[in-house]
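Open the model in your viewer and keep the selection panel at hand. The tour goes from one selection to the next and says what is there.

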Amino acid sequence: AKMGVPGDAGLEFFIFGHPVTMSPSPEVGFSENGSPHRYDRFDAENAEVVVEKLRSASCGGGSVTIPHKETLLPKMDSLSEAARVIGAVNTITKGDDGKLHGDNTDWLGIKNQLEARMAAIGKGQQQQSGLVCLLCGSGGTARAAAFALREMGAARVLIFNRTASRAEALAKEFGFEAISDISFAALHTLVFEAAYIPRRTTFVEQALAAGCEVVEGIE
């Protein structure tokens, strides 16, 4: 990736999205390790404006959030396997030749958090003995979660979505099962919430009240 050279003024990196005023990402930028690069928010509703900024000489790349995770995908010069399968990018790097490479690391965040928490509550071996998961949703984050669960070797993944056809399509693509009723699902172990605004979503509150171990979105 294009990262500049020691002693120069550094490059600009951004979190691209709309709106991004609430994003905490720039608070953990380059300044903490003495790097000359800068990390800031770039709020743009139009994907073409984002691409123009990415192509500029002063920009080295950045992270991507809604609504551009999917709209920027076809504008990349190359894609990682994860980005291609998930159908969205959340990280863009720029090579010395100026070409843009799109990646998706959302699935790694999901996988790492789940595995760490499962190990902490003594469920690590469940991965080998048959991990059963319930995935609610069918959007970009759900696709990243589906990719993560497949990489974790989950024995069975049930997908629920308010629009049944979307759940069926996602299940078919990843080799999982679509379900239309989750009233049978008794969750007694680990719940993962992707949203982090507000920190305690209604889903998180209900999961905690039910005695579940919860990985919050802010994590």
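**Whole chain**

Start with everything displayed, and keep in mind that this is a predicted model. The chain holds 8 helices and 11 strands. Of its 219 residues, 40% count as buried. Among contacts between residues at least 6 apart in sequence, 54% join residues at least 24 apart.

**Helix 1**

Select residues 47-55, which form helix 1. Which residues of helix 1 are buried? They are Ala 47, Val 50, Val 51 and Leu 54. Turn the view to look down the axis of helix 1: the buried residues fall within an arc of 100°, so they line one face of the helix. As background, an α-helix has 3.6 residues a turn, so residues three or four places apart point the same way.

Go to the N-terminal end of helix 1 and show Asn 46, which caps it. A side-chain oxygen of Asn 46 lies 2.7 Å from the backbone nitrogen of Glu 48.

Next, pick Leu 54, also in helix 1. Leu 54 has a relative accessible area of 0% and is buried. Leaving out residues up to four places away in sequence, Leu 54 touches Phe 16, Cys 59, Gly 61, Ile 92, Lys 94 and Leu 100. For a distance to draw, take the C-alpha atoms of Leu 54 and Phe 13: they are separated by 8.9 Å, while the two residues are 41 apart along the chain.

**Two cis peptide bonds**

Most peptide bonds are trans. Select His 18 and Pro 19, which are joined by a cis peptide bond with omega at about -5°. Pro 19 sits in the loop between strand 1 and strand 2.

Then select Ile 66 and Pro 67, where a cis peptide bond has an omega of about 5°. Pro 67 belongs to the loop between strand 3 and helix 2.

**Asn 104**

Move to the loop between strand 6 and helix 4 (106-120) and select Asn 104. Is Asn 104 buried or exposed? Asn 104 is buried, and its relative accessible area is 2%. A polar atom of the Asn 104 side chain lies 2.9 Å from the backbone nitrogen of Asp 106.

Show the surroundings of Asn 104, without residues up to four places away in sequence. Asn 104 touches Ser 80, Ala 82, Ala 83, Ile 86, Ala 88, Val 89, Asn 90 and Ala 144.

**Helix 4 against helix 6**

Two packed helices are described by the angle between their axes and the distance between the axes. Show helix 4 (106-120) together with helix 6 (residues 140-151). The axes of helix 4 and helix 6 come within 8 Å and cross at roughly 55°. Helix 4 and helix 6 are therefore oblique to each other, and their crossing is right-handed.

To see the contact, colour Asp 106, Trp 107, Ile 110, Lys 111 and Leu 114 in helix 4. They meet Thr 141, Ala 144, Ala 145, Phe 147, Ala 148, Leu 149 and Glu 151 in helix 6.

**Helix 6 against helix 7**

The crossing of helix 6 and helix 7 is right-handed.

On the helix 6 side, select Ala 142, Arg 143, Ala 146, Phe 147 and Arg 150. These meet Leu 170, Glu 173 and Phe 174 in helix 7.

**Ser 138**

The last stop is Ser 138, in the loop between strand 7 (132-136) and helix 6. Ser 138 is buried, with 11% relative accessible area. Two polar contacts of its side chain can be drawn. One goes from Ser 138 to the side chain of Asn 161, at 3.4 Å. Another, of 2.8 Å, joins the side chains of Ser 138 and Arg 166.

Setting aside neighbours within four places in sequence, Ser 138 is in contact with Arg 143, Asn 161, Arg 166 and Leu 170.

Conventions:
Residues numbered from 1 in each chain as written. Predicted model: local features only at pLDDT ≥ 70, side-chain atom pairs only at ≥ 80, totals over all residues. Heavy atoms only, no water. Buried < 20%, exposed > 50% of the residue type's maximum accessible area, 1.4 Å probe, protein only. Helix = DSSP H or I, 4+ residues; strand = E, 2+ residues; numbered from the N terminus. Arc of directions from axis to C-beta. Polar contact = N/O pair within 3.5 Å; in protein donor to acceptor, adjacent residues only side chain to side chain. Axes fitted to C-alpha atoms, helices over the stretch in contact; angles between N-to-C directions. Left-handed = near helix turned anticlockwise from the far one by under 90°. Contact = heavy atoms within 4.5 Å. Parallel < 35°, antiparallel > 145°, perpendicular 65-115°, else oblique.
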